[in-house]
Amino acid sequence: MATLTQLITPPESSGACRPRAAKTSDALQEKKSVYVNYDRGEHEVSVRVSGFRKADIARRYRLRVENDRFQKDWSVSEVVNRLIALNRWEEVDCVLNSWVGRFARKNFPILISELSRRGCIELCVNVFNWMKNQKNYCARNDIYNTMIRLHARCNRVDQARGLFFEMQKWSCKPDAETYNALINAHGRTGQWRWAMNLMDDMLRAAIAPSRSTYNNLINACGSSGNWREALKVCKKMTDNGVGPDLVTHNIVLSAYKSGRRYSKALSYFELMKGANVRPDTTTFNIIIYCLSKLGQSSQALDVFNSMREKRAECRPDVVTFTSIMHLYSVRGEIENCRAVFEAMLAEGLRPNIVSYNALMGAYAVHGMSENAFSVFQEIKRGGMLPDVVSYTCLLNSYGRSRQPGKAKEVFLMMRKERRKPNVVTYNALIDAYGSNGLLAEAVGIFRQMEQDGLKPNVVSVCTLLAACSRSGKKVNVETVLSAAEARGIKLNTVAYNSAIGSFINGAELEKAIALYQTMKKKEVKADSVTFTILISGSCRMSKYPEAISYLKDMEDLGVPMTKEVYSSILCAYSKQGQVTEAESTFKQMKMAGCKPDVIAYTSMLHAYNASEKWEKACELFLEMDANGVDPDSIACSALMRAFNKGGEPSNVFILMDLMREKDVRFTGAVFFEIFSACNTLQEWKRATDLIQMMEPYLPSLSIGLTNQMLHLFGKSGKVEAMMKLFYKIMESGVQINLKTYAVLLEHLLAIGNWRKYIEVLEWMSDGGIQPSTQMYRDIISFGERSAGIEFEPLIRQKLESLRNKGVGDLSKAHRHEATL
């Protein structure tokens, strides 16, 4: 095994004439130790501080510990390592009382600094309390400043404030570093007003604020979203003659980001470039985030690529790569998200838990549970502990992939690993059950969340409302709304949209409209989604005038028209046959910059079909193709209808070939129009071939549509093709009704095939379907009038055998025979 261990020490300064200063410098000097394992690819850099040793303490203390074998001459770093290795921090006295260096009070700030650097706050507090009980202890500003900074890092504001008052009791006057640390502590927890008051106290104490003071204060205001206050402090900073540095500019950019003023952040960045301020990696990370939020993903990618090209200036870090991963995740480009993650590994950067969570979140949104679980396992193999976000992403991936059982297993595993679920976790589990129609289980998780002491939010309510909509149970929507009101949850626009949509899915338009009126009374502004749901729901229930009336409400509220709203309005006009209004709306839609989609084009096709404007329908299809809008099954069936009614049935076959090329799914309406074209053009061979092609689609076709196609074949005299289609229908397992048999019998009798007619009656007998009296009358009449003397007795014999089987009540048919 090839290893290398090297101790790196700075060159010694020439201080022969100042031995005491040289000793102090050596004691405070940091020595870096480098360990490299080439076989395993591991490396470690550690910093060691010697501190004041036995030879440096006063002679009386040396004599006291000279012959005591329990007194150890450890360095400060050794003491820190022994303290951290303790099982219980209450035992710090045993270690510290065995340390010779405790007699040198100058070791105390070094010891606190080393413990603070390791982040052991509870250990630091215990060691600090031990120090204050030592006889040689003297309160110092640097010790208190270190302790306040450590509490600030752990967001312990009250303890940091307590240390601030305690140091004054110990006759330590706070300096600029003290105020900086305390302002930073309040800024981390969003208490920007406390930070402003501390700044005023600092000025009253005649302590000049430094650039760090202003930066901490600006950060305190900006991190709370108060970017205006941050700009005021920045102006005060320049007015007092303290110039901003790059850290100041980055804090201002971060303030804009926290306040969701992304455009202002980009404008400020342009001012930075105009002032020749050289940005760093943090600056570009903020800019990439703002561009992503503004939807300018291409510009964000340009910034990222420029950072990679100019590595000497600003090298992308883990935050940069994670931001780009999140960008690709929002765009739904999973492969690119994974490629960026692998590029980060190739750059030699170690992903943090946020990077892994971003990749898992991308997989979770698309229900790729296996990939998400693979990343989850990779987190554990890398020696990291999955956090709450990691478990939530994995749970969400199982919910999106319709595996609520596994989502519940992840939830239980999370609790077993002592990771406390948050509201987002519970909402994801509610959605996992609700999206799969398991409403009772979703409500159970909602109640469990309250029992665990977590307050449901508006997202929880929206998730339950969506579950009610999927379950189709009308009463549950009102129950969820009442529960939200009882818990004081104020519904936002998204929640109202979910509730209105649930009512409409349950065919309760009146309650949906009443909820919309309640929404207006509570001054919750409706958006385009609200009106899209109301207009499309009204159209679905044939309330077309009411659907169109919502346009005035949109205009009064200043809600912009969207592509979905235009499509719903076009549907309302087309259903009423108002072609002129539909054409006007369609033209207005294009002028407003809303590119018509396939739904809008389909609504216009229906409108032209209803008004028998076949030529305009064909022109609209050409426009649709020119604009690159691929037709769907509904649009194709509408256009085929226009071709058939407009006297151009040959174009139906051209469109059929186009559907095959573009892999558009065939539906019953499409098949019916194709059969109609075959009937018009007498293309019976094509119609027969079509039966073979439509075989996979038969189970999804309605029985009424198949009856129409059977009638089309029979009416044209193609009884063999009709029977072939009937056999295919029987093989597909479609439920046959009395009407289907009536179509067959009608056309069999029309060509005089009485044997097949009676055979079909036998099929009805075997299938448990009661033939009608008229069916018997028709065959009896045919036997007496058209079958001839030779076959009439045979027909009677067949009917008699059917009667003996108990099929039908033939008495009425026999009475009809007697009257003849």
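Reader: Let's start with Arg140: what is its relative accessibility?
Author: You're looking at a predicted model, where local features need pLDDT of at least 70 and side-chain atom pairs count only at pLDDT 80 or more, while totals for chains, interfaces and linings use all residues. Residues are numbered from 1 along each chain as its sequence is written, and side-chain values use heavy atoms, with hydrogens and water left out. Buried means under 20% relative accessible area, exposed over 50% and partly exposed in between (1.4 Å probe, protein chains only). Arg140 counts as partly exposed, at 32%.

Reader: Which residue forms a salt bridge with Arg140?
Author: A salt bridge here needs a side-chain nitrogen of Lys or Arg within 4 Å of a carboxyl oxygen of Asp or Glu. For this pair, the closest N and O atoms are 2.7 Å apart.

Reader: Which helix holds both Arg161 and Asp158?
Author: Their side chains meet in a salt bridge, 3.2 Å from N to O. Arg161 is buried at 15% relative accessible area, whereas Asp158 is exposed at 57%. An α-helix has 3.6 residues a turn, so residues three or four places apart point the same way. These two lie three residues apart, about one turn, in helix H8.

Reader: How many salt bridges are there in the whole structure?
Author: Some join up: Arg308, Arg315 and Glu347 are linked in a network. A search of the whole structure gives a total of 17.

Reader: How many residues does the largest nonpolar core have?
Author: A nonpolar core is a set of buried Ala, Val, Leu, Ile, Met, Phe, Trp, Tyr and Cys residues joined through side-chain atoms within 4.5 Å. Leu111 is one of those with the most contacts inside the largest core. Contact means heavy atoms within 4.5 Å, and Leu111's partners include Leu83, Trp99 and Val127. The residue count for that core is 251.

Terms used: Helix = DSSP H or I, 4+ residues; strand = E, 2+ residues; numbered from the N terminus.
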